[in-house]
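Take a slow look at the chain before reading on.

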Amino acid sequence: MSHSSPDSRLVGRLLASTGRKRRDLGLIEVAGDIEELAKELGGLRYVAEKIRISPGMLNKFLAVRKLAPPVIELVRQRRIDQ
C-alpha cells in the first residue's frame, strides 16, 4: 500500500469501532487494526488524522496489548470490553 492510499477496509473498521460505546470488533482487533494502519501510514499520528481521533485515544485502545495474558484472554472473549 502507498502512503497516500491506506487500506480503506482498515479505515472503515476503525471508524466504525472507535467512535461508539458498542462496537462490532473487540478491543484486540481494534488495537491490531490501529497498529496495521500505523505501519501503512507511517505512524500513529497519521492514523489519528485519518480517522479524526486523538493520538491519546488511540493509545488507550493500544493499551490492551500491555495487559497480563490472562486479562488479554478475557478481553479476547469480550468478557471485558471497555
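H1 and H3 are roughly perpendicular to each other, because angles of 65 to 115 degrees count as roughly perpendicular, those under 35 as roughly parallel, those over 145 as roughly antiparallel and the rest as oblique. The angle between H1 and H3 is about 75°, and their axes lie 10 Å apart. An axis here is a line fitted to C-alpha atoms, for helices over the stretch in contact, and angles run from 0 to 180 degrees between N-to-C directions. The helices themselves are DSSP runs (H or I, at least four residues), numbered from the N terminus, while strands are E runs of at least two.

This is a predicted model, in which local features need pLDDT of at least 70, side-chain atom pairs count only at pLDDT 80 or more, and totals for chains, interfaces and linings use all residues. Residues are numbered from 1 along each chain as its sequence is written, and side-chain values use heavy atoms, with hydrogens and water left out.

Which residues bring H1 and H3 together? From H1 come Val11, Leu14, Leu15 and Thr18, and they meet Val47, Lys50 and Ile51 of H3. Contact means heavy atoms within 4.5 Å. By class, this contact of H1 with H3 has 5 nonpolar, 1 polar and 1 charged residues. The classes are simple: Ala, Val, Leu, Ile, Met, Phe, Trp, Tyr, Cys and Pro count as nonpolar, Asp, Glu, Lys and Arg as charged, and the others, Gly among them, as polar.

Now turn to H1 and H2. They pack at an angle of about 140°, with their axes 10 Å apart. That angle makes H1 oblique to H2. H1 passes H2 in a left-handed crossing. Left-handed means that the near helix is turned anticlockwise from the far one by less than a right angle; clockwise would be right-handed. On the H1 side the contact uses Arg9, Leu10, Val11, Arg13, Leu14, Ser17 and Thr18. On the H2 side it uses Glu29, Val30, Asp33, Ile34, Glu36, Leu37 and Glu40. Sorted by class, the contact of H1 with H2 has 6 nonpolar, 2 polar and 6 charged residues.

H2 also packs on H4. Helix H2 covers residues 27–41 and helix H4 covers residues 55–62. Their axes come within 8 Å and cross at roughly 130°. H2 and H4 are therefore oblique to each other. The crossing of H2 past H4 is left-handed. Leu27, Val30, Ala31, Ile34 and Glu35 of H2 touch Leu58, Phe61 and Leu62 of H4. The contact of H2 with H4 has 7 nonpolar, no polar and 1 charged residues.

Next comes the core. How many residues does the largest nonpolar core have? It has 22. A nonpolar core is a set of buried Ala, Val, Leu, Ile, Met, Phe, Trp, Tyr and Cys residues joined through side-chain atoms within 4.5 Å. Buried means under 20% relative accessible area, exposed over 50%, and partly exposed in between (1.4 Å probe, protein chains only). Leu14, Ile34, Leu37, Val47, Ile51 and Leu58 have the most contacts inside this core. H1 (8–18), H2, H3 (44–51), H4 and H5 (69–76) each supply at least two of its residues. H2 gives the most, with 8 residues.

Look at leucine 14 in particular. Leaving aside its neighbours within four places in sequence, leucine 14 is in contact with Val30, Asp33, Ile34, Leu37, Val47 and Ile51.

Leucine 27 lies in helix H2 and is buried, at 9% relative accessible area. Leucine 27 and arginine 76 are 49 residues apart in sequence, with C-alpha atoms 7.5 Å apart in space.

Glycine 12 sits in helix H1 and is partly exposed, with a relative accessible area of 36%. Is glycine 26 buried or exposed? At 3% relative accessibility, glycine 26 counts as buried. Glycine 26 is found in the loop between H1 and H2. Setting aside neighbours within four places in sequence, glycine 26 is in contact with Arg78 and Asp81.

Finish with backbone angles. Most residues other than glycine have a negative phi. Arginine 52, in the loop between H3 and H4, has a positive phi near 60°. Arginine 52 is exposed, with a relative accessible area of 77%. Arginine 78, in the segment after H5, has a positive phi near 65°. Arginine 78 is partly exposed, at 32%.
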